[in-house]
Amino acid sequence: MSDTISAEPAADVAYESVVPVEKPLQSDLTVMPELLEVDLLVRAAEARAKFNVDGAGMTVAVLDTGLRTTHVDFAGRVRAGRNFTSDNNGSPTDPSDGQGHGTNVAGIICAGGVHTGMAPRANIVPVKVLGNSGGGSFLAIRDALLWVLANQESLGISAVCMSLGASDNNTSDGDFAGDGIGEVMRKLTDAGVACCVAAGNDYFAHNSAQGMSYPAIFRHTISVGAVYDGDEGSFSYGSGATALSTAPDRITPFSQRLHSSVGGDCATDVFAPGAPTTSSGIRNDSGESIQHGTSQATPVVAGVVLLVQQFHLRVAGTMPSVAEVRKWLLAGAVPIVDGDDEEDNVVHTGQTFSRISAFGALTACAKDVARSALIEAGIDRSRV
């Protein structure tokens with residue numbers, strides 16, 4: 001493992017401070033060991049069984065508030081972590097989570113103990129870029145991404161999860177040319193590392209204007225919005241967003257969104273269940289937490305990415321490119337219409353977006369692998 005961040009000068013970043021992430025609700029007891037409704041909506045358990053995948057051999061770097069590394073959900077699968085904050089006495093090798101957001105996010109991706117995440121056998125590299133206050137520095141995030149890039153090969157990192165942002169609202173990455181975070185995420189993408197980033201939670205705050213927060217707006221990210229996974233009743237959020245009722249595949253009123261008709265290549269790639277989501281907690285080594293947000297939708301997608309990468313590596317013998325992974329996520333996604341049945345206090349776009357399906361993404365990948373095998377064998381399918 002390298003301690004070197006980068007041999008090149010690090011570019012500046014657009015913003016100084018990350019908007020603090022909210023603390024999840026913590027519990028000492030394990031009440032919901034499975035992400036039941038998330039699993040059902042994206043057909044994750046079905047996909048793992050059908051395609052014989054569980055994330056084994058894959059590694060995700062989670063840039064967040066850290067991780068309760070001793071939690072049974074991650075036993076034996078925590079790889080070298082890093083701390084880019086002043087917490088934990090500033091120790092660079094101590095990514096412990098004193099806030100809870102990072103542990104909740106990590107559990108959604110790869111819990112495999114008392115809870116079950118999307119890819120329950122995947123390895124995790126916890127990278128603490130947000131302090132126990134929930135806030136942090138974008139310069140620290142840039143440096144953390146450079147560290148991930150430098151160590152990507154040695155640690156086997158194939159996905160990055162970033163459930164954080166600036167709470168701004170952008171329709172293009174054109175104003176961020178040369179930005180340090182954008183540049184290193186581009187390099188990671190070129191290296192085959194999928195950077196999954198939360199679209200943002202301020203749709204209501206931005207008066208229902210389409211857009212996404214920095215750094216999700218970069219076109220080379222896999223940007224993620226949030227939907228409800230079931231009928232959970234009504235919710236009111238601190239931002240002012242209110243859901244009068246909820247149901248599967250309704251876009252949450254807080255989730256920022258950007259349709260391709262407005263954002264082009266910078267549009268929101270995919271939506272995923274993110275409210276409310278039960279996952280790993282920090283109170284003890286079998287604790288539980290629950291939270292709403294695009295922060296919770298993003299790790300669902302990161303976990304599915306790991307499953308797709310594992311499957312492709314096993315059956316095709318190579319790791320897929322990020323462009324291929326994105327293609328399969330979208331090819332296997334379920335179309336959802338913004339405003340067809342939502343009952344909330346925001347204005348809807350009326351546009352059709354894509355909601356991730358683990359089963360659909362793996363099916364799309366498998367079809368492409370089979371098609372490639374036929375072509376390599378010299379079989380013209382049009383004559384079969």
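This is a predicted model: local features need pLDDT of at least 70, side-chain atom pairs count only at pLDDT 80 or more; totals for chains, interfaces and linings use all residues.

Me: What's the angle between α7 and α8, and how close do their axes come?

Reply: The axes cross at roughly 110° and come within 11 Å. Here α7 covers residues 294–316 and α8 covers residues 322–331. Angles of 65 to 115 degrees count as roughly perpendicular, so that's what α7 and α8 are to each other.

Me: Which residues touch there?

Reply: From α7 you have V301, V304, V305, V308, Q309 and H312, and they meet V325, W328 and L329 of α8. Sorted by class, that contact has seven nonpolar residues, two polar ones and no charged ones.

Me: And α3, how does that one pack on α7?

Reply: α3 (residues 101–110) packs against α7 at an angle of about 35°, with the axes 7 Å apart. That crossing is right-handed. On the α3 side the contact uses H101, N104, V105, I108 and I109; α7 brings S295, Q296, P299, V300, A302, G303 and L306. The classes there are seven nonpolar, five polar and no charged.

Me: Is α7 itself largely enclosed or open?

Reply: Largely enclosed by the rest of the structure, because 19 of its 23 residues are buried.

Me: How does the end-to-end span of α7 compare with what it should be?

Reply: It agrees: at 1.5 Å a residue, 23 residues should span 33 Å, and the end C-alpha atoms of α7 are 32 Å apart.

Me: What comes just after α7?

Reply: G317, which takes a positive phi of about 85°.

Key. Residues are numbered from 1 along each chain as its sequence is written. Side-chain values use heavy atoms; hydrogens and water are left out. Axes are lines fitted to C-alpha atoms, for helices over the stretch in contact, and angles run from 0 to 180 degrees between N-to-C directions. Helices (H or I, at least four residues) and strands (E, at least two) are DSSP runs, numbered from the N terminus. Angles under 35 degrees count as roughly parallel, over 145 as roughly antiparallel, 65 to 115 as roughly perpendicular and the rest as oblique. Contact means heavy atoms within 4.5 Å. Ala, Val, Leu, Ile, Met, Phe, Trp, Tyr, Cys and Pro count as nonpolar, Asp, Glu, Lys and Arg as charged, and the others, Gly among them, as polar. The expected span of a helix is 1.5 Å times one less than its number of residues. Buried means under 20% relative accessible area, exposed over 50%, partly exposed in between (1.4 Å probe, protein chains only). A crossing is left-handed if the near helix is turned anticlockwise from the far one by less than a right angle, and right-handed if clockwise.
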